[in-house]
Amino acid sequence: MSKSITEEMAAEIIREAREVENVREAEFLEDCSKILLMTEKENYPEVMTKLVNIFSRVGRGCEISFAGFAYQNE
């Protein structure tokens with residue numbers, strides 16, 4: 001993340017992320033410096049676009065990078 005966010009911002013980001021269609025799980029990791037988001041592979045671009053917008057709005061300009069992601073076969 002490009003900047004720190006408050007606990008209140010983190011809670012709101014998670015709440016909104018969990019409401020995004022096709023998101024199975026969303027939670028912050030490592031003292032709110034990373035987010036774990038689970039969705040189906042084919043939904044990834046749409047879900048992440050929405051997440052970028054949520055972070056920017058709720059986090060007052062906070063930007064996220066896609067430094068790493070993984071696919072899990074089920």
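The axes of helix α1 (residues 7–19) and helix α2 come within 10 Å and cross at roughly 150 degrees. Axes here are lines fitted to C-alpha atoms, for helices over the stretch in contact, and angles run from 0 to 180 degrees between N-to-C directions. The two helices α1 and α2 are therefore roughly antiparallel. That word covers angles over 145 degrees; under 35 is roughly parallel, 65 to 115 roughly perpendicular, and the rest oblique. The crossing of α1 and α2 is right-handed. Right-handed means that the near helix is turned clockwise from the far one by less than a right angle, and left-handed means anticlockwise.

This is a predicted model: local features need pLDDT of at least 70, side-chain atom pairs count only at pLDDT 80 or more, and totals for chains, interfaces and linings use all residues. Residues are numbered from 1 along each chain as its sequence is written, and side-chain values use heavy atoms, with hydrogens and water left out.

Now the whole chain. The protein chain has two helices and two strands. Along the sequence they follow the pattern α-β-β-α. Helices (H or I, at least four residues) and strands (E, at least two) are DSSP runs, numbered from the N terminus. Of the 74 residues, 34% count as buried. Buried means under 20% relative accessible area, exposed over 50%, and partly exposed in between, with a 1.4 Å probe and protein chains only.

Which residues bring α1 and α2 together? On the α1 side they are Met9, Glu12, Ile13, Glu16 and Ala17; they meet Leu51, Ile54, Phe55, Arg57 and Val58 in α2. By class, this contact has seven nonpolar, no polar and three charged residues. Ala, Val, Leu, Ile, Met, Phe, Trp, Tyr, Cys and Pro count as nonpolar, Asp, Glu, Lys and Arg as charged, and the others, Gly among them, as polar. Contact means heavy atoms within 4.5 Å. Across the protein chain, residues 24 or more positions apart account for 44% of the contacts with a separation of 6 or more.

Next, the rings. The structure holds one aromatic pair. The ring centres of phenylalanine 28 and phenylalanine 55 lie 6.0 Å apart and their planes stand at 70 degrees, so the pair is edge-to-face. Rings of Phe, Tyr and Trp (its six-membered ring) pair if their centres lie within 6.5 Å; planes under 30 degrees apart are stacked, over 60 edge-to-face, and the rest tilted. The pair links distant parts of the chain: phenylalanine 28 is in strand β1 (residues 23–29) and phenylalanine 55 in helix α2 (residues 44–58), 27 residues apart. Phenylalanine 28 counts as buried at 15% relative accessibility. Phenylalanine 55 is also buried, at 0%.

Turn to the backbone. Most residues other than glycine have a negative phi. Cysteine 32 has a positive phi, near 65 degrees. Cysteine 32 lies in the loop between β1 and β2 (34–39), and is buried at 17% relative accessibility. Arginine 60 also has a positive phi, of about 50 degrees. Arginine 60 sits in the segment after α2. Is arginine 60 buried or exposed? Arginine 60 is exposed, with a relative accessible area of 64%.

Asparagine 43 is in the loop between β2 and α2 and is buried at 14%. Asparagine 53 is in helix α2 and is partly exposed, at 48%.
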